[in-house]
Amino acid sequence: MKQLVEENGTITFKDGKTGQVHKAKIRELKAGAESMDAPLNLELDADYNESRILLSGVLGAASAAMDPKRDWPVDLTVKALGVESTVKGKATDLMAPSGIDMAVTAQIKDFGELNALLKPM
């Protein structure tokens with residue numbers, strides 16, 4: 001896949017147990033890699049249940065994901081609910097999964113949306 005672009009898409013699903021409806025609106029999704037051996041670049045701008053989500057970064061090559069002896073790198077940044085998170089590292093043998101070596105960081109920039117989510121109902 002050289003380049004995938006999705007704009008103005010909507011995904012709606014219903015939780016079979018609770019009946020709760022979840023809605024994701026994709027403002028823009030871009031994903032692409034020059035070849036099966038090249039890293040996959042990702043950019044996502046979406047809303048999930050009316051909360052904005054921005055994701056950007058790079059994942060390892062598709063060929064590495066299918067080879068249990070090769071490292072599969074991850075370098076992602078996610079911004080949502082006033083929190084900016086990063087995930088950096090690598091995994092080996094994604095089908096197992098094993099050899100996971102990741103660092104996850106989170107920085108709360110704005111407690112507003114996060115507090116609303118954590119309020120008891």
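Residues are numbered from 1 along each chain as its sequence is written, and side-chain values use heavy atoms, with hydrogens and water left out. Because the model is predicted, local features need pLDDT of at least 70 and side-chain atom pairs count only at pLDDT 80 or more, while totals for chains, interfaces and linings use all residues.

Strands are DSSP runs of E with at least two residues, numbered from the N terminus, and two of them pair if DSSP finds at least two bridges between them. The table lists two pairings.

| Strands | Sense | Bridges |
|---|---|---|
| S4 (residues 51–59) and S5 (residues 71–80) | antiparallel | seven |
| S5 and S6 (residues 83–92) | antiparallel | 10 |

Leu59 has Val74 in S5 as its bridge partner, and Lys79 stands opposite Glu84 in S6. S5 and S6 form a hairpin with two residues between them, where Leu81 in the turn has a positive phi of about 55°.

Thr92 lies in S6 and, at 18% relative accessibility, counts as buried (buried is under 20% relative accessible area, exposed over 50%, partly exposed in between, with a 1.4 Å probe and protein chains only). Leaving aside neighbours within four places in sequence, Thr92 is in contact (heavy atoms within 4.5 Å) with residues including Pro68, Arg70, Asp71 and Ser98.

Tyr48, in strand S3 (residues 40–48), counts as partly exposed at 31% relative accessibility.

Technical notes:
Helices (H or I, at least four residues) and strands (E, at least two) are DSSP runs, numbered from the N terminus.
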